[in-house]
Amino acid sequence: MMMGVVDIGFFNLLAGYVLILVVLVILRQRNIKKETELLIAVVRMSIQLVLVGYILDYILGSQRMWMTLAAVAIMEVFAVQNIYQRIKIDMTPRFRSIVACSMAFGTIITMIFFFFVLLSVKPWYSPRYVIPLSGMLIGNSMTGITLGAERLLRGFHDKKELIEGALMLGATPERASREIINESFTAAILPTINSMVGMGIVFLPGMMSGQILSGVPAVTAIKYQMAIMFAILASVAFTVFILVVWGSKTFFNDRAQLVLYS
Amino acid sequence: MAFQLEQVKYKDILKIDKLQIPEAKITCIIGESGSGKTTLLRLLNNLISPDEGSIFYKGRNIEDIDPIQLRREVVMLPQNPTVFSGSVKDNLLIGLEFAEKDKVRDEVLSEILRLAQLDKPLSTIASTLSGGEKQRLALARIVLLEPEVVLLDEPTSALDEGTEERVIESVVEFAKEKTRTLIMVVHSKSIAQRFADVAVTIQGGGVVAEEGL
């Protein structure tokens, strides 16, 4: 039997801010000068979530295909911007565009398979499914690409001599950079693999907990969780794979010479 | 001629009006550090391209030759030897793999190590070797490839005098026996005088002397 979730009343939610007050008191007493940061964080979170809540309610209610697609596109753009901000190493314009392309290609391929084959929801653009699940795929891929790109950029700088040493012996650029590519790929997908290992025992994943809270039978929630984990792994792997393979090519010119910028 | 350089300019490092390097001979390049010797070798290996001018390899402009094929014929040993992960054997075989050549038997590998004066078992982990041993391992890797042209950038800088002479002697012997072109940057004039057919002196990025010995 499905049960609806108990709604939190407005005044009950206000009571939640009491918890923040307790933390503020602790900060004040210990003379830790982080009160402003905490207040800004709480205010930002509240405003952002309320806004997103209204927007989501509107999109979920309207069931329009273009709105779902627009929401996914906006998430993609924000994710790419976030990657650019998080990578602290200089990137060439070509490398930046490969970051964006790999993000888009890798996630979209996975989404198509996930929504059409694995879930086969009807209609396929049903925002209730597409928006939160795409968000999870995009968010995880974003973290993967950030890790992979940093490793790749650092690898080419730190291992310049090894790469040139291989080129001098007649290695192709692909062969000369194979180890760096594989290392970057591994570093990027390892956190996803590790999170699968502890899942269900060390922690209950957020989506599954959310579904259980809203009254979905645990077995159904688990099936969803498994499906999204397969898709997350695939999406992270596809995006990072495209990034490291294409991205590594930007370090060589048409004379198969290593070109490092910065 | 193995190489011919005409009006070659690379950044502010090298400016050579004309230079010819003969085929199947031993050419030594001497000059102070920072004079552009390494840059010259890197140009011949096409690891970098000149900003101006042309370099010809066996009469063909280097820029018209497939760079990978060129580097398989004109192999370069950098001054800081590259050591890859794994054993001494792995390090020898990886050169063949890079050049897409067939693997060889262990006896051949051991023979090459003897030629490079490196008395270590093939199973030794390469990262545990000393600087001089790594240098000889990298040299052995190149000799194993039997390239047409061998470019050596101070191949013996980390070796003591006695070992240095023996190593150079075996490389020179190899080059002569197989009629290969050997171009090496050396730090001492005496080595050039003893082994070279041609000595090229570079100063401030330009060729100041070119003499047959």
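Domain bounds come from an automatic or database domain assignment. I kept in mind that this is a predicted model.

**Entry 1: domains of chain A.** I looked up the assignment for chain A. It gives domain 1 (1-62) and domain 2 (64-249). I then checked the distance between their C-alpha centres, and domain 1 and domain 2 of chain A lie 29 Å apart by that value. Next I looked at where they touch. Eight residues of domain 1 of chain A are in contact with 10 residues of domain 2 of chain A. On the domain 1 side, I found six nonpolar residues, two polar and no charged.

**Entry 2: a sheet in chain B.** I traced an open sheet of four strands in chain B. The order is 2-1-4-5, and the pairing is antiparallel. Which strands are at the edges? They are strand 2 (14-21) and strand 5 (60-61) of chain B, and each pairs on one side only. I followed strand 1 (residues 3-10) of chain B along strand 2 of chain B and found seven bridges, antiparallel. L5(B) stands opposite L19(B), which is in strand 2 of chain B.

**Entry 3: a helix over the strands.** Helix 1 (residues 37-44) of chain B lies across strand 1, strand 2 and strand 4 (52-57) of chain B. I noted its angle to strand 1 of chain B as about 120°.

**Entry 4: chain A meets chain B.** How many residues does each chain bring to the contact? Chain A brings 15 residues and chain B brings 19 residues. Helix 6 (residues 160-168) of chain A gives the largest share of the chain A side, seven residues. I sorted that chain A side by type: seven nonpolar, four polar and four charged.

Technical notes:
Residues numbered from 1 in each chain as written. Chains lettered and ligands numbered in written order. Predicted model: local features only at pLDDT ≥ 70, side-chain atom pairs only at ≥ 80, totals over all residues. Contact = placed C-beta atoms within 7 Å. Helix = DSSP H or I, 4+ residues; strand = E, 2+ residues; numbered from the N terminus. Nonpolar A, V, L, I, M, F, W, Y, C, P; charged D, E, K, R; others polar. Pairing = 2+ DSSP bridges. Axes fitted to C-alpha atoms, helices over the stretch in contact; angles between N-to-C directions.
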